[in-house]
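Subject: Structure handover

Hello,

Here is the structure for your review. My notes follow below it.

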Amino acid sequence: MKEVMKEAMKHLIALIAASALLAAAAPCRADDAAVVTYKSIAPDTAFDLAKAALATCRTHGYQVAVVVLDRFGETLVLLRDRFAGLPAAETANDKAYTALSFRSNSGDFAKLIQSGQLAAGLTALPHIVTLQGGIIIEAGGTLLGAVGVAGAPGGDKDEECAKAGLDTIRDKLEF
C-alpha cells in the first residue's frame, strides 16, 4: 500500500511541476484584454425609473408592475402596485426581457413577428412576449438594460408609463 501511495505522490508532483512549467511558458501579451469593461444601469437609477413609471400609471388610474433589468437580464427592480393583476410582475419581466434580448422595444418586436420579418417561432422561446410595454435602456449607443410595465388596460398604456419613467432618468444616462 505504501508503494502505491509513493507512486501516486510522484505522479502528482510531476503533474504539478509540468503545470507550473506550462503556465510559466505561456506568452503574456499586453494587448490581450484580461478585463472587460462594460456599462450597465445603476440600481439607484433603475429604482428611480421604476418609481416614475409606477407613478405615471397611478395618475392614470392603472395598477401595474414595473421591472427593470440590467444589461444581462438580471432583475434590479420589481415594483408591483397592490392591486396589480396576478400575472403583472411576470409579464413586466418578460416584456423587459424581450426588449433586451432583441435590442428592440417589445412592441416593435411584435410588429416584426406579425409582418413576417422575424420567425414566429421566436415567440416559443422562454420569456419572450409580443406585447407592448418593454423598452430598452440605451445611452451613447450602449445597451444598459430594459424596463417592462404590465397591468394597464393595453400595451400602449404600459409603454407610455415605461417611456415616462425612462424620460425621468434620461439625464443620468449621459456619458
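Tyr 38 is partly exposed, at 48% relative accessible area. (Buried means under 20% relative accessible area, exposed over 50%, partly exposed in between, with a 1.4 Å probe and protein chains only.) This is a predicted model: local features need pLDDT of at least 70, side-chain atom pairs count only at pLDDT 80 or more, and totals for chains, interfaces and linings use all residues. Residues are numbered from 1 along each chain as its sequence is written, and side-chain values use heavy atoms, leaving out hydrogens and water.

Aromatics

There are two aromatic pairs in the structure. Rings of Phe, Tyr and Trp (its six-membered ring) pair if their centres lie within 6.5 Å; planes under 30 degrees apart count as stacked, over 60 as edge-to-face and the rest as tilted. Tyr 38 and Phe 72 are edge-to-face, because their planes stand at 85°, with the centres 5.0 Å apart. This pair links distant parts of the chain, 34 residues apart. Tyr 38 is in the loop between α1 (2-25) and α2 (43-59); Phe 72 is in the loop between β1 (65-70) and β2 (75-80). Helices (H or I, at least four residues) and strands (E, at least two) are DSSP runs, numbered from the N terminus.

Phe 102 and Phe 109 are stacked, 4.4 Å centre to centre with 25° between the planes. Phe 102 is partly exposed at 27%. Phe 109 is buried at 0%.

Ser 106

Ser 106 sits in helix α4 (residues 106-114). Its relative accessibility is 0%, so Ser 106 counts as buried. The Ser 106 side chain reaches the backbone oxygen of Leu 131 at 2.6 Å. A polar atom of that side chain also lies 3.5 Å from the backbone nitrogen of Gly 133.

Sheet

Four strands form an open sheet in the order β2-β1-β4-β3, with antiparallel pairing. (Two strands pair if DSSP finds at least two bridges between them.) The edge strands are β2 and β3 (134-139), and each pairs on one side only. From one strand to the next, the twist averages 15°. (Axes are lines fitted to C-alpha atoms, for helices over the stretch in contact, and angles run from 0 to 180 degrees between N-to-C directions.) β1 and β4 (residues 142-150) run antiparallel and are joined by six bridges. Within β4, Ala 146 is the bridge partner of Leu 69.

Regards

Terms used. A polar contact is a pair of N or O atoms within 3.5 Å; within protein, one must be able to donate a hydrogen and the other to accept it, and residues adjacent in sequence count only if both atoms are side-chain atoms.
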